[in-house]
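Please look through the model shown below with the following report at hand.

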Amino acid sequence: MLRLDSITKIFGGLTALEEVSFSVAAGSITGVIGPNGAGKTTLFNIVTGLYAQTSGEVVLDGKNISFLDTEKLASLGLVRTFQNVELFGQMTVLENVMVGLHTGTKSGIFSCAFRLPRQIKEEKFIREKSMEWLEFTGMTDMAGVAAANLPFGKGRLLEISRALAANPKMILMDEPAAGLNSRETVELASLILKIKETGITVVLVEHDMDLVMDICDPIVVLNLGKKLAQGSPREIQENQEVISAYLGSD
Amino acid sequence: MTEKKRQIIVFLIFAAAALSAPFFLKDSYLITVLIFVGINTILAIGLNLLLGYAGQISLGHAAFFGLGAYISGILTTRFPLDPFLVMILAAFCAGALAFVIGFPILKLKGHYLAMATLGFGIIMYIVFNETVSVTGGPSGLSGIPYLSVGPLVFDNDWNNYYLVWISTLAVMLLAINLTQSRIGRALRAIHDSEVAARVMGVNARILKVQIFTVSAVISAFAGSLYAHVVTFIAPASFGFHFSVELLTMVVVGGLGSIYGSFLGAAILTMLPEFLRVFHDLDIIVYGLMLILMTMFMPGGLVSGIQMVTQYIAARKAKRKDEHAQA
Amino acid sequence: MDNFQQLIQYVLSGLSNGAIYALIGFGFAIIYNATGIINFAQGEFVMLGGMLTIFFLTVFHLPLVPAVLLAVMISTIVGVVFERLAIRPLRNAKPLRLIIITIGASILIRGIAMLVWGKDTHALPAFSSNEPILIAGATMLPQHLWIFGVTVLIIIISRIFFNYTMMGKAMRACAYNAQAAGLVGISVKSMTLISFVISAAIGSMAGIIIAPLTMTSYDVGIMLGLKGFCAVIIGGMSTGFGTVLGGLVLGLLEALGAGFISASYKDAIAFIILLLILFFRPEGLFSKKETERF
Ligand SMILES: Nc1ncnc2c1ncn2[C@@H]1O[C@H](COP(=O)(O)OP(=O)(O)OP(=O)(O)O)[C@@H](O)[C@H]1O
Ligand SMILES: [Mg+2]
């Protein structure tokens with residue numbers, strides 16, 4: 001469904017990614033792991049159009065999306081969450097999720113200012129749909145809270161809820177478990193599985209190995225910008241190169 | 001639903017108060033001042049959409065105000081054109097200019113955007129001053145006709161008050177609608193995290209230009225009204241100083257609050273009228289207000305009022321509790 | 001021949017204004033590199049330098065040198081107070097709030113200056129004689145020499161400071177990566193303060209040396225500040241050669257434009273250049289672009 005074709009990214013003199021290629025199958029939870037600085041976030045930034053790669057191609061459903069603008073990708077069904085949670089802090093939880101429905105809706109400045117009938121209907125739809133997603137992630141009781149006042153774990157959850165509201169085909173999550181306690185991590189794992197069940201493909205960057213090994217298949221390992229290995233959790237755990245890369249960096 | 005109802009009631013009360021005010025005011029001087037409060041409210045709302053909602057600063061908004069005023073002033077004094085048509089034309093021109101410069105200017109962020117809009121404002125101010133044959137230069141342009149609809153001529157305070165305040169209320173209503181919609185949320189999303197907004201499919205680049213354009217159109221509309229109400233315009237009203245005054249109105253009233261824009265406009269318009277000493281001290285007071293507000297009440301007076309009412313409500317609730325326990 | 005002399009005249013006045021713009025630009029760059037803030041009040045330091053010197057000369061009848069020293073010192077104190085009261089408490093705030101607060105400070109300083117010294121323009125007497133010096137048929141005022149001399153001196157001193165002193169190196173480290181600098185024990189807080197001190201001092205000095213040529217008043221800060229900003233934008237926010245060049249180019253274009261095209265649009269030239277650079281090369285003419293991190 002998503003195919004990365006020898007992606008290279010060079011920042012000034014630093015090669016953050018070198019000839020990385022792999023594919024993500026529809027309906028999978030694909031894990032991307034690697035030590036700090038391996039280039040995982042850079043990879044997401046390239047796929048979501050925030051960075052332009054130095055060379056290589058990103059293909060989504062047979063369509064070359066390498067040079068599409070970030071804002072286009074959401075409407076193609078590709079969304080993400082951020083490693084350093086990027087919420088709309090001044091807005092409520094509900095409003096955050098409502099922004100997720102931006103792509104699915106159309107009212108422009110004029111119809112919003114004059115509250116044309118179509119816009120009123122659409123607004124109602126946005127609100128109801130958003131409440132449904134909050135229910136899906138179990139955040140209904142926090143709908144009215146300002147996002148900036150959420151505890152950290154809930155912030156991560158809200159980012160996922162907002163991404164889901166965009167009705168994506170694929171969601172990229174950048175370290176969703178970072179900063180969560182163990183109970184929250186378990187809940188996150190079951191949420192990710194639940195998301196997969198709805199037919200959404202997940203790509204998961206994560207340092208929490210238990211989580212990755214539990215729910216991801218396949219797993220791609222990056223180290224120092226290069227793809228080191230790819231395979232099932234079992235294969236990865238037994239891969240000598242992967243083990244030494246992790247031991248070396250620890 | 002109750003929230004929506006509450007908002008409608010608040011607006012109706014506000015509108016009723018605004019429209020009935022002249023009946024209670026014996027003093028026609030006060031009515032004149034309130035006319036300017038109305039015009040400044042429109043301007044502050046225009047800037048607030050850009051600054052308070054989308055989080056994009058402009059230090060050159062007086063230029064769009066001036067553009068509206070000058071286009072209306074020049075065309076209606078020189079040619080036998082319908083002033084209302086000219087008003088639409090003026091708004092259109094300001095919007096077109098904003099749209100064109102909006103693309104390169106809104107690519108800039110933060111401090112750079114501030115400097116660029118400031119530069120734009122000063123260039124326009126120089127143009128107003130130096131194209132003497134068209135604008136009348138520093139000594140201004142006089143003899144701008146009053147507006148009229150059939151036999152009704154807006155040549156006295158009473159009529160102008162209603163002309164301006166019906167316009168103000170309309171702009172307020174449209175702005176409130178806009179801010180509470182999909183577009184309003186997208187604007188605030190850009191303000192809080194532009195990357196996240198873009199990832200969620202908000203075309204930040206275009207939306208910023210659009211709201212800049214809307215904001216320019218609103219400012220130009222206020223400019224046209226101003227020109228016809230005052231019948232005399234000069235560049236001094238449209239310079240950097242006024243851009244800063246507008247900024248102060250928005251910050252004092254409350255970034256991201258439409259009623260806050262009214263509050264800010266009202267305070268900054270009335271202060272110099274009633275405190276004579278204020279005349280020479282105005283920029284000191286603006287400076288202090290900007291600093292103090294930004295430091296201690298970043299949400300503006302509107303947030304201050306909210307805090308106070310919440311505090312009072314909490315105290316009442318507590319007292320009730322104590323009663324119940326006793 | 002007459003035309004040629006005139007050209008020389010324009011070039012001279014352009015270069016001396018340009019030197020001033022470069023100095024003001026330095027002030028912006030020093031604070032920006034230490035804090036990420038563009039200090040809108042930068043122009044006010046320039047105004048304070050000139051106005052305070054005149055004040056000490058005419059009201060207290062001090063000789064020139066102590067008057068200048070006092071003026072620089074007081075401007076610097078204003079910079080320190082501003083940093084302490086307004087910038088430090090908001091260090092971690094969003095850019096919008098910082099922008100508004102420096103704008104607030106700039107008009108507050110301007111307003112106080114107006115209250116104290118009124119709205120009149122004042123002239124500072126030239127530092128040495130007013131006898132024009134003849135060069136290649138064109139005349140040059142001794143004040144031009146003062147401007148070039150002081151500018152070169154300030155550039156040399158700041159070079160030495162940033163490249164060879166502990167504190168200067170620490171400031172550069174902060175500019176490069178504040179977090180890492182903090183980790184190796186550099187106090188980012190005091191670097192911020194020092195950046196305000198240096199930049200206020202340089203700004204006020206610029207205001208002092210230009211005052212005999214252009215007159216000064218409470219509101220010269222806006223224009224001078226913006227033009228200094230234009231210079232430093234051309235130079236890519238550096239305290240290096242690019243900004244000096246930026247200032248000189250701007251000064252020259254302005255002088256030639258005013259001389260040969262139209263004096264009334266002189267000020268517009270700087271802003272049109274500013275907008276063009278911001279639109280097409282916001283990273284400056286001489287530096288490379290960096291990718292923003294997410
Ligand atoms: N905008 C940028 N400019 C310059 N270098 C960058 C930029 N973004 C990332 N890098 C560098 O690229 C390399 C890969 O960084 P990246 O953030 O992708 O790592 P990561 O695998 O996500 O690490 P972590 O697990 O710590 O999040 C790092 O060396 C980083 O310093
Ligand atoms: Mg990362």
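## A helix pair in chain C

In chain C, the axes of helix 1 (residues 2–35) and helix 8 (residues 188–214) come within 9 Å and cross at roughly 170 degrees. This description, like the rest of the report, concerns a predicted model. Angles over 145 degrees count as roughly antiparallel, and helix 1 of chain C and helix 8 of chain C are therefore roughly antiparallel to each other.

On the side of helix 1 of chain C, the contact is made by S16(C), N17(C), I20(C), L23(C), I24(C), G27(C), I30(C), I31(C), A34(C) and T35(C). Helix 8 of chain C contributes residues that include M191(C), F196(C), I202(C), A206(C), I209(C) and L213(C), with S195(C), S199(C) and T214(C) also among them. Sorted by class, this contact between helix 1 of chain C and helix 8 of chain C holds 14 nonpolar and eight polar residues, and no charged ones.

## A helix pair in chain B

In chain B, helix 7 (residues 157–179) and helix 10 (residues 204–230) have axes that come within 11 Å and cross at roughly 170 degrees, which makes helix 7 of chain B roughly antiparallel to helix 10 of chain B.

From helix 7 of chain B, the residues N160(B), L163(B), V164(B), S167(B), V171(B) and L178(B) meet I211(B), I218(B), F221(B), L225(B) and V229(B) of helix 10 of chain B. The contact of helix 7 of chain B with helix 10 of chain B comprises nine nonpolar and two polar residues, with no charged residue.

## The largest cavity

Searching the whole structure gives five cavities of 30 Å³ or more, and the largest cavity contains about 130 Å³ of space. Its lining consists of 14 residues, and those lying nearest the centre are L118(B), F40(C), R110(C), I222(C) and L226(C).

At least two lining residues each are supplied by helix 5 (110–130) of chain B and by helix 2 (42–58), helix 4 (95–117) and helix 9 (220–234) of chain C. Helix 9 of chain C provides the largest share, four residues. The lining of the largest cavity divides by class into eight nonpolar, four polar and two charged residues.

## The four-stranded sheet of chain A

Chain A has an open sheet of four strands in the order 2-1-4-5, with antiparallel pairing. Strand 2 (14–24) and strand 5 (63–64) of chain A stand at the edges, where each has a single partner strand, so one side of each is left without a neighbour in the sheet.

Strand 1 of chain A pairs with strand 2 of chain A in the antiparallel sense over seven bridges, and I7(A) has V20(A) in strand 2 of chain A as its bridge partner. These two strands form a hairpin with two residues between them, in which G12(A) takes a positive phi near 55 degrees. Strand 1 of chain A also pairs with strand 4 of chain A, again in the antiparallel sense, over five bridges; there R3(A) has V59(A) as its bridge partner, and D5(A) stands opposite E57(A).

Strand 4 (residues 55–60) of chain A and strand 5 of chain A pair in the antiparallel sense over two bridges. Across this pairing, L60(A) stands opposite K63(A), while V59(A) stands opposite N64(A). Strand 4 and strand 5 of chain A also form a hairpin with two residues between them, and D61(A) in its turn has a positive phi of about 50 degrees.

Strand 7 (residues 170–174) and strand 8 (residues 201–205) of chain A run parallel and are joined by five bridges, and M173(A) has L204(A) in strand 8 of chain A as its bridge partner.

Helix 1 (residues 40–47) of chain A lies across strand 1 (2–11), strand 2 and strand 4 of chain A, running at about 115 degrees to strand 1 of chain A.

Key:
Residues numbered from 1 in each chain as written. Chains lettered and ligands numbered in written order. Predicted model: local features only at pLDDT ≥ 70, side-chain atom pairs only at ≥ 80, totals over all residues. Heavy atoms only, no water. Pairing = 2+ DSSP bridges. Contact = heavy atoms within 4.5 Å. Axes fitted to C-alpha atoms, helices over the stretch in contact; angles between N-to-C directions. Parallel < 35°, antiparallel > 145°, perpendicular 65-115°, else oblique. Nonpolar A, V, L, I, M, F, W, Y, C, P; charged D, E, K, R; others polar. 1 Å grid on protein atoms, 1.4 Å probe; cavity = no way out; pocket = protein on both sides within 12 Å on 5 of 7 lines; lining within 4 Å. Points joined across faces, edges and corners; volume = space filled by probe spheres on them.
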